[in-house]
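Below is a short briefing on one predicted model.

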Amino acid sequence: MALVVKICGVTSFEAIEAVSAAGADRVGFVFAPSPREVSAMQAKQLAMALPRHVERVAVFKHAAQDAVDEVLAAFPAHWVQADAASLAQVTLPPGVRPMPVLRDGEVASHDALPTNMLYEAPVSGQGVCADWDAAAGLAKQAWLMLAGGLHPGNVEQAIEHVRPAGVDVSSGVERAPGEKDPERIVAFVNAARNAAARLPAQVGD
C-alpha cells in the first residue's frame, strides 16, 4: 500500500486546487471551533472541486451523534474523524468509515487499540509534534496516520522514524491560521512521497 497523504483544515478553492495538483489522497474539513471551521454546505461546495478519487474527511473534536448526522446529511464524507472515546459512541451510516484519534498519553486508557487510527499531539492545529517514538510503536500494531506538527521540512524525517501508513498536515502548510499556502501543500506532498519511495517495504504495509 502507498503512503496516504491528508491535507486537513481546507477552507478555500485555492487550497483545493493545490491539493489536486499535488496529488494528496484525503482532504479534511473541520466542523469544530477553529480558524479552519467550515459549514457542511461550504465543505460540500469545496469538495465538489476535488478529483473523484480524493477522499473527504469530516473532522470533529468530540463527536456527538446529532452534530455528525447534521453534517453528513449535507456533506458526503468518506470518513468521520474525532477523538476515539467520543467516536466510539457514534453510529455512522453505511459507507462512512471512522477514523479515531488517539493522542499522546491516551493509549493506556483504551482496552483495545483501533485497527486504524490517527495519532496526534495533545492539541490539534497548533504545530505541536506528537511523540514519534510512541507513534512508531503503535504503527507496528495498527494502520496509523501520523499528525501533529508536521510540515515540509520535517515530514521526511517523521516518515523515516515512525514508518506510518499515512501523514496528516494542517497548520504546517499555512501562511496564516486557516489560510493554506499552495506552495507548502505541494512541497509537503512531494517530501512525503519522496520519503515513502525510499521505504517501500515499510510504509503503508
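Strand β1 (residues 4–8) pairs with strand β8 (residues 166–169) in the parallel sense, over four bridges; two strands count as paired if DSSP finds at least two bridges between them. Helices (H or I, at least four residues) and strands (E, at least two) are DSSP runs, numbered from the N terminus. The model is predicted: local features need pLDDT of at least 70, side-chain atom pairs count only at pLDDT 80 or more, and totals for chains, interfaces and linings use all residues. Residues are numbered from 1 along each chain as its sequence is written, and side-chain values use heavy atoms, with hydrogens and water left out.

- Five of the five residues of β1 are buried, so the strand is largely enclosed by the rest of the structure; buried means under 20% relative accessible area, exposed over 50%, and partly exposed in between (1.4 Å probe, protein chains only).
- Val 4, Lys 6 and Cys 8 point one way from β1, Val 5 and Ile 7 point the other way, and all are buried.

**Asp 181**

- Asp 181 is in the loop between β10 (179–180) and α7 (182–198).
- With a relative accessibility of 16%, Asp 181 counts as buried.
- Beyond its neighbours within four places in sequence, Asp 181 is in contact (heavy atoms within 4.5 Å) with Val 173, Glu 174 and Arg 175.
- Asp 181 and Ala 15 are 166 residues apart in sequence, yet their C-alpha atoms are 7.1 Å apart in space.

**The chain as a whole**

- The chain has seven helices and 10 strands.
- Its radius of gyration, taken over C-alpha atoms, is 16 Å, close to the 17 Å that the globule rule (2.2 Å times the number of residues to the power 0.38) gives for 205 residues, so the chain is as compact as a globular protein of that length.
- Along the principal axes, the C-alpha atoms fill a box of roughly 40 × 40 × 30 Å.
- Of the 205 residues, 52% count as buried.
- Among contacts with a separation of 6 or more, 52% are between residues 24 or more positions apart.
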